[in-house]
Amino acid sequence: MSALWLSLTLGLVAGLADFLGGFLLVRQSPSARALRYFVALGAGFMLAAAVLEMIPEGLRVNARFAPLLILAGYCGVHLLEHSLVPHFHFGEETHHHEFISAKTSYSVLLGLATHTFFDGVAIGSGFVLSHWLGWILFFAVFLHKIPEGFTMASVMLAGGRGAAAALNSALFLGAMTVLGVLVINLEPAWVRVGLPLSAGVTIYVAATDLVPEVNREPGLRMALVFFAGVVVFFILRLLGPG
């Protein structure tokens, strides 16, 4: 399978994981309780992938501007979350008293859609450079997709929207991921900008959105799951080429 079709296929898989997260919430599946472990595992894996793969590759393809673009990606998401998007807990069911307006829920949708677009940019950029990097970034994205869809559906329900709107919002996040993959594949030269930007976004999501959720859980178990995510990354790196 060519890199184009492989990246689009995996972008679609990642996008469907958003929908699955929303489905778990709407159906009130008991397995939703395991989402906090996905958050911790994903945070460790994403942080390792961003620091040890995305940043070095970003510097390789755009040595002059990559540091500025990484910072811009991080700061851009930070600004978006603190201007348009009210505070919410990633991967956790939101109670109705926390969100009272439909406007609020759509603001959250806009914020999450922005970073899911860069999820797709990351996957697409990885496959433009190598199959190895593409697969690593796919795993980094996939691990936080189910909690992401769960969060989005929860916010929509708390904003007074129905189950259909909750599922559609999770599906929209998935579509934005596929769009990000498609954009990079239509113009592969944009990887020089897209990869460093998505590295900054990934660092923000891992370190600023996900790690605080890990730290909210008392005890050692969640910290160990976080470090397990880092270990999984190193195992895959050892098994990978070169």
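This is a chat about the predicted model shown above.

Visitor: So what is the chain built from, helices or strands?

Guide: Helices: the protein chain has eight of them and zero strands. Read from the N terminus on, the elements go α-α-α-α-α-α-α-α.

Visitor: And how much of the protein chain counts as buried?

Guide: 52% of its 242 residues.

Visitor: What about contacts, how many join residues at least 24 apart?

Guide: Taking contacts between residues at least 6 apart in sequence, 85% join residues at least 24 apart.

Visitor: Okay, salt bridges. How many does the structure hold?

Guide: Five. One of them pairs aspartate 18 with lysine 145, with the closest N and O atoms 2.9 Å apart. That pair links distant parts of the chain, since aspartate 18 belongs to helix H1 (residues 3-26) and lysine 145 to helix H5 (residues 131-158), 127 residues apart.

Visitor: Is aspartate 18 buried or exposed?

Guide: Buried, with a relative accessible area of 0%. Lysine 145 is also at 0% relative accessibility, so it counts as buried.

Visitor: Which other residue does lysine 145 form a salt bridge with?

Guide: Aspartate 119, with the closest N and O atoms 3.1 Å apart. This pair links distant parts of the chain as well: lysine 145 is in helix H5, aspartate 119 is in helix H4 (residues 102-129), and they are 26 residues apart. Both lysine 145 and aspartate 119 are buried.

Visitor: Which residues do the salt bridges with shared partners join into one network?

Guide: Asp18, Asp119, Lys145 and Glu148.

Visitor: What does threonine 177 touch, leaving aside its neighbours within four places in sequence?

Guide: Threonine 177 is in contact with Asp18, Asp119 and Lys145, and also with Gly11, Ala14, Thr116 and Gly120. Threonine 177 itself lies in helix H6 (residues 163-186). Its relative accessibility is 0%, so threonine 177 counts as buried.

Visitor: New topic. How do helices pack against each other here, say H2 and H7?

Guide: Two packed helices are described by the angle between their axes and the distance between the axes. For H2 and helix H7 (residues 191-215), the angle is about 155° and the axes are 8 Å apart. H2 and H7 are therefore roughly antiparallel to each other.

Visitor: Is the crossing of H2 and H7 left-handed or right-handed?

Guide: Left-handed.

Visitor: What is alanine 206 in contact with, apart from neighbours within four places in sequence?

Guide: Ala43, Met46, Leu47 and Val211. Alanine 206 is in helix H7. The C-alpha atoms of alanine 206 and alanine 43 are separated by 4.7 Å, though these residues are 163 residues apart along the chain.

Visitor: Is alanine 206 buried or exposed?

Guide: Buried, with a relative accessible area of 0%.

Visitor: What angle do H3 and H7 pack at?

Guide: Helix H3 (residues 66-83) and H7 pack at about 50°, with their axes 7 Å apart. H3 and H7 are therefore oblique to each other. H3 passes H7 in a right-handed crossing.

Visitor: Which residues meet there?

Guide: On the H3 side, they include Ala66, Leu69, Ile70, Gly73, Tyr74 and Val77. On the H7 side, among them are Arg192, Pro196, Gly200, Ile203, Tyr204 and Asp209.

Visitor: Last thing. Where does UniProt place the "transmembrane region" feature?

Guide: In its unreviewed entry, UniProt places that feature at residues 35-55, 121-143, 164-184 and 219-239.

Visitor: What does the chain look like over residues 35-55?

Guide: Residues 35-55 are 100% helix and 0% strand, and the end C-alpha atoms are 28 Å apart.

Visitor: And over residues 121-143?

Guide: There the chain is 96% helix and 0% strand, with the end C-alpha atoms 16 Å apart.

Key:
Residues are numbered from 1 along each chain as its sequence is written. This is a predicted model: local features need pLDDT of at least 70, side-chain atom pairs count only at pLDDT 80 or more; totals for chains, interfaces and linings use all residues. Side-chain values use heavy atoms; hydrogens and water are left out. A salt bridge is a side-chain nitrogen of Lys or Arg within 4 Å of a carboxyl oxygen of Asp or Glu. Helices (H or I, at least four residues) and strands (E, at least two) are DSSP runs, numbered from the N terminus. Buried means under 20% relative accessible area, exposed over 50%, partly exposed in between (1.4 Å probe, protein chains only). Contact means heavy atoms within 4.5 Å. UniProt positions are given in the numbering used here, feature names are shortened, and annotations may be inferred rather than shown by experiment. Axes are lines fitted to C-alpha atoms, for helices over the stretch in contact, and angles run from 0 to 180 degrees between N-to-C directions. Angles under 35 degrees count as roughly parallel, over 145 as roughly antiparallel, 65 to 115 as roughly perpendicular and the rest as oblique. A crossing is left-handed if the near helix is turned anticlockwise from the far one by less than a right angle, and right-handed if clockwise.
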